[in-house]
Amino acid sequence: MYENTYPNKRFKFTLEFLKTHINTEETILDLGVENPFSKIMKAQGYSVENTKGEDLDIDVSTLTNSEAAVVTAFEIFEHLLSPFTVLKAIKANKIVASVPLRLWFAPAYRSKTDMWDRHFHEFEDWQFDWLLEKTGWEIKARQKWTNPVNKIGIRPFLRLFTNRYYIIYAEKK
């Protein structure tokens, strides 16, 4: 069911959380181009439309023109300079979003080969909650999970019990 082995745990938790809060009759606008997880959502019976790769920091027209009931954003907001603007522009009344949590023992992710694949924000859970509340969302459910890696060392050991991902379900106030 999952296309590769690395994100299987993240995909499993994300799908379980999504199924708990969103039914397959609701249409979804998934932020980001089509990706392995949007394909999983479709295979599970969800009607999913993706954004087209536009720079959401500059162009939010897809968000304001979409008739989708739900917006999903899985590991997207950390890549935006201004997630506040995007969250305010969402027309849908429901959102399911996940972000990587800031780890005190590891710096923010910065790709050396891809200038677009960088984290401008790595949130603590309270920061993401505050951002959502400030942009008009009321969090109804939340969950965190770890992301252990198969390596030896202090950081891999810390990843065994330190939460790495945070997911929320929220509705417009």
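User: Among contacts between residues at least 6 apart in sequence, what percentage join residues at least 24 apart?

Analyst: This is a predicted model. Its chain follows the pattern α-β-α-β-α-β-α-β-α-β-α-β, with six helices and six strands. Among contacts between residues at least 6 apart in sequence, the share that joins residues at least 24 apart is 64%.

User: Which residues have the most contacts inside the largest nonpolar core?

Analyst: The largest nonpolar core has 29 residues. Elements giving two or more residues to this core include β3 (70-74), α4 (83-89) and β4 (94-100), along with α5 (125-134), β5 (137-146) and β6. A second, separate core of 19 residues includes Phe 11, Leu 15, Phe 17 and Phe 37. In the largest core, the residues with the most contacts are Leu 31, Phe 77, Ile 95, Phe 128 and Ile 168.

User: Leaving aside neighbours within four places in sequence, which residues is Phe 128 in contact with?

Analyst: Phe 128 is among the residues with the most contacts inside the largest nonpolar core. Leaving aside its neighbours within four places in sequence, Phe 128 is in contact with Phe 77, Ala 97, Val 99, Phe 123, Tyr 166 and Ile 168.

User: Why does Leu 160 count as partly exposed?

Analyst: Leu 160 lies in the loop between α6 (154-159) and β6 (163-172). With Phe 157 and Phe 161, Leu 160 forms a nonpolar surface patch of about 340 Å² of accessible area together. Leu 160 counts as partly exposed because its relative accessibility is 48%.

Technical notes. Residues numbered from 1 in each chain as written. Predicted model: local features only at pLDDT ≥ 70, side-chain atom pairs only at ≥ 80, totals over all residues. Heavy atoms only, no water. Patch = residues over 30% accessible without salt bridge, like charges linked within 9 Å, V, L, I, M, F, W, Y side chains within 5 Å. Areas by Shrake-Rupley, 256 points an atom, 1.4 Å probe, with all protein chains shown as cover. Salt bridge = Lys/Arg side-chain N within 4 Å of Asp/Glu carboxyl O. Helix = DSSP H or I, 4+ residues; strand = E, 2+ residues; numbered from the N terminus. Buried < 20%, exposed > 50% of the residue type's maximum accessible area, 1.4 Å probe, protein only. Core = buried A, V, L, I, M, F, W, Y, C linked by side-chain atoms within 4.5 Å. Contact = heavy atoms within 4.5 Å.
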